[in-house]
Amino acid sequence: MTINVLTTNAVDLQRLLDENKTTSAQDVEEYLAQIDRYEPALNALISPAPRDKVLATAKALLKDCFVTASELGMSTTAGSYAFVGAKASKNGAITQRLIDAGLIILGKANMTEFAGMKMTMMMPGWSAHGGQTLSPYTPGASSTGSAVAVAAGFSPLAMATETIGSIVTPSTRAGLYSLKPTTGVQDTTGLYTDATTV
């Protein structure tokens, strides 16, 4: 069964996998084909995962402020040239929880550089490292790349961070549902935030 990458959500995808109506490999191929078709125009991804590492199970895209171990083949730059080439010895806490749950990360989304915390006439969704994320909607806040990637069918879900409207703004502008956990519920070790760095 071929999934519709624009309408199949994470719950539907899990059900189809559980019912053996699709396979992880088929789903990954569908998402990678969608990324190949539209990523050059949208610039939503800052660091796609190496294809050979994602052909098992794929259910998540990660914003570039989530630390990923170097072995995953994706850097963590927070959108800045200052971190290009930096290596992480292990995954951040949230990243590891996703992997432990069986998710393989397709790529890391472009984001407003440093989550917009150095906002000086910076466009939402722009970073020095990733350039401008383009959206049929008005880009908004630092998680623009995550929202654009889901809206474009690159993945059924994405991880984002909330600094000042960074989850709510891009998701509502792209017509997506978003969940923002209560502060302190998630372990943010290994996550670029206003109090920590990668």
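Author: Let us begin with S47, which has its place in strand β1, residues 45–48; helices (H or I, at least four residues) and strands (E, at least two) are DSSP runs, numbered from the N terminus. This is a predicted model, in which local features need pLDDT of at least 70 and side-chain atom pairs count only at pLDDT 80 or more, while totals for chains, interfaces and linings use all residues. Residues are numbered from 1 along each chain as its sequence is written, and side-chain values use heavy atoms, with hydrogens and water left out.

S47 counts as buried because its relative accessibility is 9%, where buried means under 20% relative accessible area, exposed over 50%, and partly exposed in between (1.4 Å probe, protein chains only). Leaving aside residues up to four places away in sequence, S47 touches M74, S75, G107 and K108, a contact being heavy atoms within 4.5 Å.

G73 is found in the loop between β2 (60–63) and α3 (93–100), and, at 39% relative accessibility, G73 counts as partly exposed. With residues up to four places away in sequence again not counted, G73 touches P50 and K53, whereas K87, 14 residues from G73 in sequence, is 9.9 Å from G73 in space, C-alpha to C-alpha.

A78 is also found in the loop between β2 and α3, and A78 has a positive phi of about 55° although it is not a glycine. A78 is buried, because its relative accessible area is 0%.
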